[in-house]
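Open the model in your viewer and switch to a cartoon view.

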Amino acid sequence: MNNTTGKYLHCIIKGKVPKGRFKLDGLEGNAVYVVNQGNLSCLVSDTSCDHYPLWREHIIAHQKPIEEAMKYYNVLPFSFSNIANSEDQINEKILKERKNELEELFQKFKGKTEVGLKAFWPDMRLVFQEIAAKSPELQRLKKGSPRLTYHQQIAAGELVGKLLEKRKKEEAQNIIGAVSNLAEDSKEQQIFGENMILNTAFLIKKGGENKFAKRVAIVANNVPRAKLSYSGPFPLYNFVGLKISFN
């Protein structure tokens with residue numbers, strides 16, 4: 001596709017969207033526009049690439065048009081870096097052949113939105129102190145000798161690592177349990193670094209964002225060692241994420 005113009009796929013929109021509806025840029029700064037077919041529209045932008053690396057600026061350019069469309073329409077987001085060869089291919093292979101599937105997804109997720117919740121330990125020193133104070137095994141290991149041998153140091157490090165992961169899982173489950181009755185589904189995301197406890201997307205009803213945020217604030221008071229970060233609403237990135245194969 002290097003010598004031709006492909007169509008980068010942002011999202012499917014429920015309804016026929018006017019051609020000049022959005023004044024936005026997609027990847028490479030190319031204008032975003034719609035391809036219409038019946039009661040479905042595909043939000044696209046031109047591209048000369050057949051794949052994009054997962055860089056921050058590319059992710060933002062992928063998501064920004066979707067999040068703008070979400071303000072006015074029901075949308076189904078494509079996962080990152082789905083690219084069609086032409087508008088004809090979009091019409092035939094997506095908007096026609098997969099029409100029933102897309103309509104079912106719109107019905108399934110009608111009135112739903114996504115929010116995110118992250119939790120961190122801002123002061124790892126305090127966490128390690130608590131872990132050490134509550135572990136008889138670790139205390140015995142340290143009391144056995146004023147200076148730990150090399151193998152004892154390795155054993156102590158491994159034990160601390162296991163206790164840390166156990167503590168993370170317990171706190172994460174407590175937080176999820178405290179908000180789960182306000183969500184219809186959840187998806188755990190990748191955890192980064194030793195101080196991140198939780199990184200989860202929740203599927204909730206539109207209009208329930210403030211109620212969810214208030215619950216998060218209450219939960220935050222019950223986990224004093226952790227800092228909670230609430231975000232959203234977002235398109236259904238973690239619950240739909242369309243992937244289209246044109247082979």
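**Stop one: a pair in helix 6**

Select helix 6, residues 150-179; E165 and K168 both sit in this helix, 3 residues apart, or about one turn. This is a predicted model. Show the two side chains. E165 and K168 form a salt bridge, with their closest N and O atoms 3.9 Å apart. Is each one buried or exposed? E165 is partly exposed at 39% relative accessibility. K168 is buried, at 8%. Elsewhere, salt bridges with shared partners link K14, K99 and E103 into one network.

Now pick K99 and E103. Both belong to helix 3, 4 residues apart, again about one turn. In an α-helix, residues three or four places apart point the same way, because each turn takes 3.6 residues. The salt bridge between E103 and K99 has its closest N and O atoms 3.7 Å apart. K99 is partly exposed, with a relative accessible area of 36%.

Next, select K93 and E97. They form a salt bridge too, with the closest N and O atoms 3.4 Å apart. K93 is partly exposed at 38%, while E97 is exposed at 56%. The count for the model comes to 12 salt bridges.

**Stop three: helix 2**

Select residues 87-96, helix 2. Which residues are buried here? Look for Q89, I90, N91, I94 and L95. Their cover includes strand 1, strand 2 (32-37), strand 3, strand 5 and helix 3 (99-108).

**Stop four: strand 1**

Move to residues 6-14. Strand 3 (residues 40-47) pairs with strand 1 in the antiparallel sense over 8 bridges. Find K14: its bridge partner in strand 3 is L40. Strand 4 (residues 75-77) also pairs antiparallel with strand 1, over 3 bridges. There, I13 has V75 as its bridge partner. Strand 5 (residues 83-84) runs antiparallel to strand 1 and is joined to it by 2 bridges. Here K7 partners A84.

Strand 6 (residues 112-120) pairs with strand 9 over 6 bridges. Select F120; opposite stands K227 in strand 9.

Terms used
Residues numbered from 1 in each chain as written. Predicted model: local features only at pLDDT ≥ 70, side-chain atom pairs only at ≥ 80, totals over all residues. Heavy atoms only, no water. Pairing = 2+ DSSP bridges. Buried < 20%, exposed > 50% of the residue type's maximum accessible area, 1.4 Å probe, protein only. Contact = heavy atoms within 4.5 Å. Salt bridge = Lys/Arg side-chain N within 4 Å of Asp/Glu carboxyl O.
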